[in-house]
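I set out to record the aromatic contacts of this entry. The notes follow the order of the look-ups.

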Amino acid sequence: MRHGVLWLFLAALPPCHLAAQAPPLAAALRLAQDGHIDSARAILKRMEQSTVPTDTLFPGILYSSALVAPTADEVRRQLQRVIVEYPFSPWAEPAMVALAQLDYANGDPAGTGRTLEKFRTDHATSSLYPVAALWGARAGFDVNDPRAACQWVSEGLARAGGDASTRAELVALSRRCPANPGTIATPVPAPPAAPDTIGRPKPDSVMKLVEVPMTPSPIPVLPQPAPAEPAVPAAYRVQIVAANTQEVADEMLAQAKKAGFRGIVVKDAGYFKVRLGEYATRAEASAAATKVKAKLGGSPFVVAP
């Protein structure tokens, strides 16, 4: 895919409202928008080399570098670094939506859908939710899943607020949904066939319209397998991040300790996972996760022993 097409898709996000807080980032993105992409890349490369990864600006540098990267693979690599290494930064939400747009631009609407389902779970209160819903709806229709597409349309319209452009596009997509958004044609088995008065069998099944609620469902909670009975009671923990490097994990653990939480770093499946506390029951851990979210933000979740 040509870079110009990538920029067209990714620039649909509002990076400048974040970059405006950092003049060098804003300057680099303005250069790219004016056609001086090589100069923008050079500025961002120097910033990345001179900024420590624990600096709060660092994920913004990675995100801005993704917007001007020369190849789709490099765009993906930079966005995934933001999502995985800096999930609590303000750049994580636009990075996830940008990754979904990249998949769509590359002809992978199924990949777009998977990324946005994670966005729905991790960033349910994001101001970018209407934009995510727009791309989720497009992807849903492209993979011939009108139920998922129309749910995205419904959620996006409910959250669009004053975003007139996104609302207009969602309204256009809503015309592909049933006239009654809560009604979907679903096959329903009929009672067992019985001969009629002249011996002809009745149809085995009929198509009926069944009322299926299309209101946004609660944020899904992934089921956890029930642990086997241990000889010694194990502990539930609250995971707050899965980092690519030990350095980032240590920094996140230090922030958690400053907020009053105890925790450990566990290396698992190539990631450094920061997990807090030791709780005897899932209920206790869930209550603790609520406190962690209130103090640290993000999307902490309970990890079974």
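Which residues form one aromatic cluster? I find that F119, Y129 and W152 do.

I note that the model is predicted, with local features requiring pLDDT of at least 70, side-chain atom pairs counting only at pLDDT 80 or more, and totals for chains, interfaces and linings using all residues. Residues are numbered from 1 along each chain as its sequence is written, and side-chain values use heavy atoms, leaving out hydrogens and water.

Rings of Phe, Tyr and Trp (its six-membered ring) pair if their centres lie within 6.5 Å; planes under 30 degrees apart are stacked, over 60 edge-to-face, and the rest tilted.

I looked up F58 and Y86: their ring centres are 6.2 Å apart with planes at 45 degrees, so this pair is tilted. The pair links distant parts of the chain, 28 residues apart, with F58 in helix 5 (residues 58–67) and Y86 in the loop between helix 6 (72–85) and helix 7 (92–105). Helices are DSSP runs of H or I, at least four residues, numbered from the N terminus. F58 is buried at 3% relative accessibility, and Y86 is buried at 11%; buried means under 20% relative accessible area (1.4 Å probe, protein chains only).

I then looked up Y63 and W91, whose ring centres are 5.7 Å apart with planes at 45 degrees, so this pair is tilted. Y63 lies in helix 5 and W91 in the loop between helix 6 and helix 7. Y63 is buried at 0%, and W91 is buried at 6%.

Lastly, I checked for charges over rings (NZ of Lys or CZ of Arg within 6 Å of the ring centre and within 35 degrees of the ring normal). The charged end of R159 sits over Y129, 4.4 Å from the ring centre. R176 lies over the face of F141, 4.2 Å from the ring centre.

Notes
Helices (H or I, at least four residues) and strands (E, at least two) are DSSP runs, numbered from the N terminus. Buried means under 20% relative accessible area, exposed over 50%, partly exposed in between (1.4 Å probe, protein chains only).
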